[in-house]
Amino acid sequence: MDVSIVLILLFAGALLSFLSGDKWASKTALLTSVVALGASWLVLCKHNAKEVVGVSYLWSQKPNIHVALSGDGLSLAMLMLTTALLPLIILSTFGRNIQNAKSFYSLIMFMGFAMAGTFLALDGFVYYIFWELALIPIYFIALLWGSGEHKDRQRAVVKFFIYTFAGSLFMLAAFAYLYTKAGSFMWTDLAKLDLSKTEQIWIFLAFFAAYAIKIPLIPFHTWQAAVYEKAPTAGTMLLSGIMLKMGLYSILRWQLPIAPLAAKSFMVIFIWFGLAGVLYGSVVALRQKNLKKLLAYSSLAHVGLIAAGAYTLNKDGLSGAVLQMISHGFAIVGLFLAADIIIDRLQTREISEMGGIRSQAPKFTSMFMIMVLASVALPTTFNFVGEFTVLYSLFFKKVWFAIIGGLTIILGAYYMLKMFQNVMLGETNKKPFRDVSWSEGLTFSIIIAVTFFFGLYPKPINDLIAPSIHQIMFLIHSGPRLL
Amino acid sequence: MDQTYILLLLLAPLAGFILNVFFGKKAGHNGAGYLATFAVFISFCVTLMYFLQINKTATPVQVNLFEWFSFGKVTVNMGILLDQLSLLWLMFVTGIGTLIHLYSVSYMHDDENRHKFFAYLNLFIFFMLLLVTGDNLLVMFIGWEGVGLCSYLLIGFWYKNQDYNDAAKKAFIMNRIGDLGFLIGMFIIAYLTKTLDYAQIPDAIKFKLSLLQEPQQMKFISALSIAALALFIGACGKSAQIPLYTWLPDAMAGPTPVSALIHAATMVTAGIFMVTRMHFLFDLAPNVQNVIAIVGAVTSIVAATIGLVQNDIKKVLAYSTVSQLGLMFLALGLGAYEVAVFHVITHAFFKACLFLGSGSVIHALHGEQDMRKMGALKKWMPITYITFLISSLAISGIPPFSGFFSKDEILMTAFHENKVLYVIGSVASIMTAFYMFRLLYLTFFKDFRGTEEQKHHLHESPALITFPLIVLAILAAIGGLISFPGASWLNQYLAPVLGAKEHGEHHLGTTEYALMAVAVIGGLIGIGIAYAKYLKKGEVPPADEEMTGLHKVLYHKYYIDEAYEFLFVKPINALSTFFRDTLETALSGFVYGFGKVTNAIGDQGRLLQNGSVGRYLFFFVMGMVAIVSYLFYNKIV
Amino acid sequence: MNTLLIITGLGVLCLLLEILNFRKGIVPFTVVGLLVALGVTMNDYGLQKGFYGNMIVVNNFSVAFSSIFIVLAILLISMSDDFYRREHAKISDFVAIKVFMLAGAVAMVSFGNLSMFFLGIEVLSISLYILAASNRMNVRSNEAGMKYFLLGSFASGIILFGICLIYGAMGTFDIAEISELSSSAELPDWFFIGIVLLTIGMLFKIAAVPFHFWAPDVYEGSPALTTSIMSTLAKIVAIATFYKLLTGMNAQLSVAYEWVLLSVSIASMTLGNIMALRQENVKRMLAFSGIAHAGYMLMAFLNLANSASVLWYYAAAYALAGVAAFAVVLNVCRDKQDENIYNFNGFGKKHPVMAALLTGALLSMAGIPVFAGFFAKFGLFMHAINAGYLVVVIAAVINSIISVGYYFKLILAMYTKDALDPVENPKPIYVVVAAIALLLNLAMGLFPSLVNNLI
Amino acid sequence: MGNVLNQIGIENYIFLCVILFSIGVFGVLYRRNAIIVFMSIEIMLNAVNLLFVAFSTYHQDAQGQVFVFFSMAVAAAEVAVGLAILVSIFRNLNSIDIDNLKNLKG
């Protein structure tokens, strides 16, 4: 058994969900995603038992393409994130009225498949295919099941698609170039390449175009808020919980090892990109009127910090980035679930029309509160561990980086608590508000459990990713170039 | 064995929290309250056990629960350290905590969400225990942020009132500003010493210093000074010092037991605890110590002046707390850690008592907090009055009550170190005496100024409320004994933690007695003025709109909140609005612009394709000519 | 070799079947016949042989391209029965002309002599003139035919002039001999002028800028089935022939010449994509898209050696996607006045399968994995980078971004707008054709090694 | 025959044919009457045919002349198709001015 089983299961899940018809699609999707989670858990156990779980099949001799799937800790960590969030996301849609459910769930599963593939692929070509494949389902999910004025939604979604597609095409060109140099797309071969500094800079920038838009870093973020707002919440969760991690993961996996010289020479600039995102996202979030948009900007701020951490090129930065990717994945899914519950019950997205929910839905309030606290990285939550490590890595580079990055804990608390206050507290709302249903409660409970478990005991994840981080560090810093 | 007890110590309040969250509502009318009280009481018992033990053995107990996480070269353990300092804190946290829980059972008995209230209180105790007992800075930080969270939850406990929620939010954010300082401080220490354990940092510093040459040593020490300063910023946030103190008066929005427990006795002293914990660091940084002393002194006088004119009974107490905390920091800045600790303890007793007393008054008046509408309450509430009086005397520094001893120690230290600071501290003390007795007179003497309705319902509070008052009043009265001048049990007790002090104890000479006399006289003057003004003349503070001049400025707290609003909140909100409305649109428009331009070119291009065969042929030939002539020009053909 | 005979014979048989009053059987019969021809052609794979005094030369290049032509022809012709249902009496003419056109196409990629090339291109062109104008009563069809005819014969004249000059320089029409002679040191200038003129003629046939003006008008005006032939089959025939001409004659291409091709390539893709953005008529939009794709395909000419496979792969991927797309378009606009985009509104709800097929075809054209279009585009990028022309790759990347804009316009119309007309059942033949074409396209994606190894 | 060619020089034949060809091109460009455009195209083709013959003689090679037959046949076929299209246009529009063909544009 190797990692490919997970991909096969996810793909099968997509097919089965489609075939099972509207009535059973959600259950089928949930079941298969849980099975996939189980499978990736087994794979993880095998990995921890020092067995090789990566695979590589030759796809085509000339051009030299392998279907190579990585079995290292970093990929498995991201795989676990994907397969763990997928059932939660599916679960969160229970009880919602979804038209043409079979296509909806099928697309979600397919997107899970593509994203898992992106995290696993070790061959640049296959990686790119998965990368692009992940774009198609979310396009349709956002377009067809989204909300808001039809024209606005279309505008936002098309912009999102073209924008991200544009970025990734530059990455494609970079891969084409790398292939002409290395004669292979394998990560190991590409990382071994001894490119001149100019070449590295161009390749770095080409990758950056893809990742900066996907993550997104400012000023490439303009698609984000609109799409997060318009997409159905499951789509937003996929986007914010997993998909933007694709970009961050790719920085670690592809961009830094292949073009380390460029990364080193322009480190400060790229750290500033991240930090600017932290400040900008936080500040914009302060005055957002729309709940989902606010969360989108909070996400912008968080990923900015993660990216800044990744670009510090030190061990703490990289591992902190991974930890925060995972923790942010869970937290943001929880937050969007909360937002979805509110929007579903109150039929509005405007924060000004909310408020006074707490007395009607105490359970929900507690759960939402915990998600807010996780988001502001209260110690003992998973997010704190990641944020602390990333801030330390920034501090390691320059004290000012840490201070500016650290403003996130002030501003983050400010906008999140302000939001919480305006959304949940105050005089009892006149509209009736149903407390969480069992599926929503279960989703929250799982997320909360994960948040606190890893907040107190992040060691399993740290141990899992440490060898990969070490390898990447080695590739970045040990000059040209041995593997 | 230790591990079990320590887990019991820590987890009892946590269990109380969890049980109350899930089952509190079903636990009968007062079930939640008693459960919570019991949970804290267990912690108190364990603490007492260890406290007695350490008095005998003088060896701290250290337990590693599990490895938390690691960064850089630092590995952080979930480690618990029970030494003299932490046990001292634990004693009054759990002790006063138990009393206040008990008090709350009655105080909150008709609130529909009391189970939540007790859950939060338990959670607070849990985090406070963690803050105090952690054996490294990060575990302290968990508690540090955790108590901040509980403070937030409890200030905004009556969540239907958005003003209260604002206050809660403000407290959390102000604290977070300090927490950033704390974080940076931790980073610097971790970077320089590769550890965050209190036990190892001093050794690591010493080791590093021994390796370095003279100029690098200076650099190293200045880096440590920055760390100390950053940590002090953290302490400013938590302990409400200038410039981060404004949240504490607002925090009075919470239920009164919360104000007593969190915003007077325990949480706000966390900053003092931290500085004392890290005393070796501050000792290395005299400049930072100066800053601390000055900040403390200024805070004490500023808060005291504001306290002079407040009309809300809890606001007066809040500013008094800020002022007293300032005095403690003054002591810290002067390196007299044990003095600060002493004042923390006595302050905890009398301030808790004062708050609970005010709670009792407010309870009796059904939520009325404005002193202008009180008066003559001693008739109806004798126990409250007497305990209140004892505590007021204590805080005013009238011997033989506890406050006299601790405050006097501070002033004495200041006198020896810096006369200016001494004068400031003394003036603040006089003011304290004044406003405390102003409060006392306005509340308990003269005629009742409230409505008939209220008057009708006036009654002494039930035993559950008065019992804690009595206990605390007794402690406030006799608490000074623990550090009786000349024979200080406290100083000996703390010696293993704080090391041999160069200050030592003040041996009592003429100067000292003179200073004591001055302090007592000062206190009496303050009381005297209050007596003349409010009892003799029977003045009642004017209504809000009638205030003028300095009075008005003071009443409006020097307009500090407005200034912050203007300097920070408004600009950042304006920036946010600008980003949201202008920059976002512009950026978005820029991206759309590409599409728009391309589309526009497409539209123009369509005009080229006008359907005329002649034109098509013309372009055909032109293209042909262009290609051929280009090739000719390049001499290819 | 036999391919050509079979196809020509098939055309004649079509006409005979009409005489035998066997109209209904014409299309199935032709399809079967073409399948036979396909088998025969593929059987020749690996063969390298000249026939009739090297008039016809069979090699892997010709086999590969002939096969894809025949596949496309099968798919296109099988839709004829329904498409010409109103003029079913003339079905034999329509089918026969298409078959003859196919013969011309096959001749164009397997010629060994310039006269064969000329005959092939004329057979193809004249057939297309007729097909373009075949809707006699429709002014637009007339106009399309006329425009195509005028410009096409003008281009033919230029091609002929080119051939003439080459002949003048070399004294022979035989490709192999020309190839041999061209490597000798002294060549008259006419030879190069001839090559340039041939190039211009071929650029016209593939509709590259600035010789593209005919394409949108003709595509729009012609009957839809003809348009689909022109945009898929005829386009890749021309590009393959162009490639074969340049490689076959072993013309040593100078840097300046490559820059000309480069400029034409960039201009074509840019203009094609930008103009396509604002089109309302699907056929016209696809015409501009075809111009852009011609631009992409010209990238393969930047380094002629080894690019035959890349070119084949791209051409096949493009044409198959095109056929799939047109099959859906034909069905949608079966009873419509025009092919305006609003006809597609709500199609995603009405016929999810066909909508999905069209979506797939468009995604392939946009170059999104896993469709063959992606691999093809990637192969071209790599080829161009190998050849050292990063500029054109960057231009192609930017153009690919623009192209998404209009491909997705159609997708958006299908999925997000409400339908204008009631639901009607799709004709199975179109579904089948579209499905087969798209499946072939996908299957190609599974074998990316074809990019390098086929030819 | 060869002598004549030698005397005149093959270049001159080329020039002549280029001139004829250009006349054809200009005819196509300037005239609006479809019939005359057809004729201009014929001039282009025939100019090339002339050159073929000249080259054929120049090379002492019959292939060129054979090619001319091909091209003439093709040209005839082309014109036949062209005229057929023209007829249907005339039926629909009552005009053979190519400037009237502007329905398709944009």
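Colleague: Before we start, what should I know about the numbering and the cut-offs?

Modeller: Residues count from 1 along each chain as its sequence is written, while chains are lettered from A and ligands numbered from 1 in the order in which they are written. As the model is predicted, local features need pLDDT of at least 70 and side-chain atom pairs count only at pLDDT 80 or more, whereas totals for chains, interfaces and linings use all residues.

Colleague: Let's take the chain contacts. How many residues of chain A are in contact with chain B?

Modeller: The general idea is that two residues are in contact if their C-beta atoms, placed from the backbone, lie within 7 Å. Here, 41 residues of chain A are in contact with 39 residues of chain B.

Colleague: Which elements give two or more residues to the side of chain A that touches chain B?

Modeller: Elements are DSSP runs numbered from the N terminus: helices are H or I with at least four residues, and strands are E with at least two. On chain A, the ones giving two or more residues are helix H7 (150-182), helix H13 (267-286), helix H17 (382-397), helix H18 (399-424) and helix H20 (459-477). H18(A) brings the largest share, ten residues.

Colleague: And what is that side made of, by class?

Modeller: The classes go like this: Ala, Val, Leu, Ile, Met, Phe, Trp, Tyr, Cys and Pro count as nonpolar, Asp, Glu, Lys and Arg as charged, and the others, Gly among them, as polar. That gives 26 nonpolar, eight polar and seven charged residues on the side of chain A that touches chain B.

Colleague: At what angle do H18(A) and helix H6 of chain B pack?

Modeller: Axes are lines fitted to C-alpha atoms, for helices over the stretch in contact, and angles run from 0 to 180 degrees between N-to-C directions. H18(A) and H6(B), residues 162-193, pack at about 165°, and their axes are 9 Å apart. So H18(A) is roughly antiparallel to H6(B).

Colleague: How many residues does the contact between chain C and chain A take?

Modeller: It takes 23 residues from chain C and 26 residues from chain A. On the chain C side, helix H17 (372-387), helix H18 (390-416) and helix H20 (450-453) each supply at least two residues. The side of chain C that touches chain A divides into 16 nonpolar, seven polar and no charged residues.

Colleague: Into which domains is chain C divided?

Modeller: Domain bounds come from an automatic or database domain assignment. For chain C they are domain 1 (1-110), domain 2 (126-252) and domain 3 (259-455). The C-alpha centres of domain 1 and domain 3 of chain C lie 25 Å apart, and twelve residues of domain 1 are in contact with 15 residues of domain 3. H3(C) gives the most to the domain 1 side, with eight residues.

Colleague: What about chain B's domains?

Modeller: Chain B gets domain 1 (285-555) and domain 2 (563-633), and their C-alpha centres lie 70 Å apart.

Colleague: Where are the cis peptide bonds?

Modeller: One joins Ile242(B) and Pro243(B), with omega about 5°. Pro243(B) sits in the loop between helix H8 (214-238) and helix H9 (247-250) of chain B. Another joins Pro369(C) and Val370(C), with omega about 0°. Val370(C) is in the loop between helix H16 (352-366) and H17 of chain C.

Colleague: Which residue has a positive phi although it is not a glycine?

Modeller: Asn100(A), with phi about 50°. Find Asn100(A) in the loop between helix H3 (73-92) and helix H4 (101-120) of chain A.

Notes. Angles under 35 degrees count as roughly parallel, over 145 as roughly antiparallel, 65 to 115 as roughly perpendicular and the rest as oblique.
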